[in-house]
Amino acid sequence: MKLLSIVLAAGKGTRMKSNLHKLLHPVCGKPMVGHVIDVLKEINSNRIVTVIGHGGESVQSYLGNQVEYAIQEKQLGTGHAVLQAKSILENEEGVTLLINGDGPLITAGSLSKFIEFHKDTNAAATILTAELDHPHGYGRIIRGDNQQVTHIVEQKDCSPEENEIKEINTGTYCVNNKKLFQALNQVTNYNSQGEYYLTDIIGILKQQNEKIEGYVLQDSNESFGINDRVQLAQAEKIMRDRILQQHMRNGVTVIDPANTYVEAEVTIGMDTTLLPGTRITANSHIGSSCLIGPNSEIQNTKIGEYVTIKQSVVIESSIENHTTVGPFAYLRPGSKIGEHVKIGDFVEIKNATIDHHSKISHLSYVGDAKVGKNVNIGCGVVTVNYDGFRKHVTEIEDEAFVGSNANLIAPIKVGKGSYVVAGSTLTEDVDEDSVAIARVKQTTKKGYASKLKNRIKNKTNN
């Protein structure tokens, strides 16, 4: 039996007060609608139709060809939104899952159990429900003596007894596809809002003596929908806790989960430790037995095993095994760091390759460079890569030594085993096994220091 999915993504989301479409606001690094679509793909939905409306072009631009699209040009209610998928799905045989695009916390495991329950009970429709301690604002699930759902009562229509019911409608449904569109054709807008409500199909199916079931989520957090920035932050916290717990169960030590931020789709090897203040963004991959933090940010970076990164920022780079970075280092996009490398304090690397066993210990800038093996770069070294118009490459070959406060004005090559004397400013290549020195000749005036001090003192007094 085919599984068909309709994602409701046409709402304006005015309560977000944002120029960005509500469903594109990220939760743990991924737009909330992206979480929903990924879950639907994980449960092998045969077809996914996303109903878009106001600002839908941006949603379509993000999702691309992952889904099919139906357009709700006028916002006439949730029932009307689902009806826009009729021309795409009405002839299909199977089960249709109706789900909101603003519920990123739902999991594939829960949806799979929900769908199986629907199939096993042979219901025409099944409502995904949750039990909340404080259900105010939600539609309540009313069940009959046989525990089948009889109807849904909205908050404003609840009697005192119904108001005490804790089981609520999450807005997610499984419905026989043929019966879904037959029922939708009978939904009217005879209500105070003048809208076509999706919930009306439950009453219509019940009047036709169809079986309506309800499936209760084990974790009510999965029912959480986002309508404003407060709920966005709440969802972020729930998902972040979920992500960190999964990493910890897989063998990662997180010293302070409340102050550690790991986005979705990050992989971390076992026996790695994350110290407080660490933030790791999506598409980062960290190997085993690493130490990351405190107060480090890793963005879209691949890190090997036994790597230590202290109080540093690493963006769109790669770091191989047994390397140390920081404290206070900055690896900008395109940095490729080899094994057993030391990148020390206040070092900035940009679009550069640093090969195995090389050291850049402190206060240096290496940009647009190729650094070989066993190279030592002293304090204050700068690869001068930009002439105001173009970037140029510096090459430092294996086993070279670059002394402190040297400026290497690119394009330039420092040959294998060569030695650049501290304080030099080089504009020409250095041959292999050579010593390069480029300093202004030192002049020392003996006994002049006291005279200079007196001259300065007299100028100050005058």
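Which residues is A125 in contact with, leaving aside its neighbours within four places in sequence? Hello everyone, let's start there. The answer is H118, C174, V175, I202, L205, K211, I212 and E213, where contact means heavy atoms within 4.5 Å.

Before going on, a word on what you are looking at. This is a predicted model, where local features need pLDDT of at least 70, side-chain atom pairs count only at pLDDT 80 or more, and totals for chains, interfaces and linings use all residues. Residues are numbered from 1 along each chain as its sequence is written, and side-chain values use heavy atoms, with hydrogens and water left out.

Back to A125. Its place is in strand 7, residues 125–131. Helices (H or I, at least four residues) and strands (E, at least two) are DSSP runs, numbered from the N terminus. A125 counts as buried because its relative accessibility is 1%; buried means under 20% relative accessible area, exposed over 50%, and partly exposed in between, with a 1.4 Å probe and protein chains only. One of its contacts is I202, and although A125 and I202 are 77 residues apart in sequence, they are 7.5 Å apart in space, C-alpha to C-alpha.

Now to a pair of helices. Helix 7 covers residues 177–184 and helix 8 covers residues 200–207; they pack at about 105°, with axes 9 Å apart. Here axes are lines fitted to C-alpha atoms, for helices over the stretch in contact, and angles run from 0 to 180 degrees between N-to-C directions. The two helices are therefore roughly perpendicular to each other. By the rule used, angles under 35 degrees count as roughly parallel, over 145 as roughly antiparallel, 65 to 115 as roughly perpendicular and the rest as oblique. Helix 7 brings K179, L180, A183 and L184 to the contact, and helix 8 brings I201, I204 and L205.

Next, please find G214 in strand 11, residues 212–216. Is it buried or exposed? G214 is buried, with a relative accessible area of 8%. Not counting residues up to four places away in sequence, G214 touches F117, T126, I127, T129, R143 and V149. By contrast, V381 is 167 residues from G214 in sequence and 68 Å from it in space, C-alpha to C-alpha.

Another buried residue is S361, with a relative accessible area of 15%. S361 sits in strand 30, residues 359–362, and touches K342, G344, D345, V347 and I377, again not counting residues up to four places away in sequence.

F346 is partly exposed, at 48% relative accessible area, and is found in the loop between strand 27 (342–345) and strand 28 (348–350). Together with F328 and L363, F346 makes a nonpolar surface patch of about 310 Å².

Finally, some backbone details. Most residues other than glycine have a negative phi, and most peptide bonds are trans. The peptide bond from G293 to P294 is cis, with omega near 0°, and P294 lies in the loop between strand 18 (291–292) and strand 19 (297–299). From A410 to P411 the bond is also cis, with omega near 0°. For phi, E265 has a positive value near 70°; E265 is partly exposed, with a relative accessible area of 45%. N405 also has a positive phi, near 55°.

Note on methods:
Patch = residues over 30% accessible without salt bridge, like charges linked within 9 Å, V, L, I, M, F, W, Y side chains within 5 Å. Areas by Shrake-Rupley, 256 points an atom, 1.4 Å probe, with all protein chains shown as cover. Salt bridge = Lys/Arg side-chain N within 4 Å of Asp/Glu carboxyl O.
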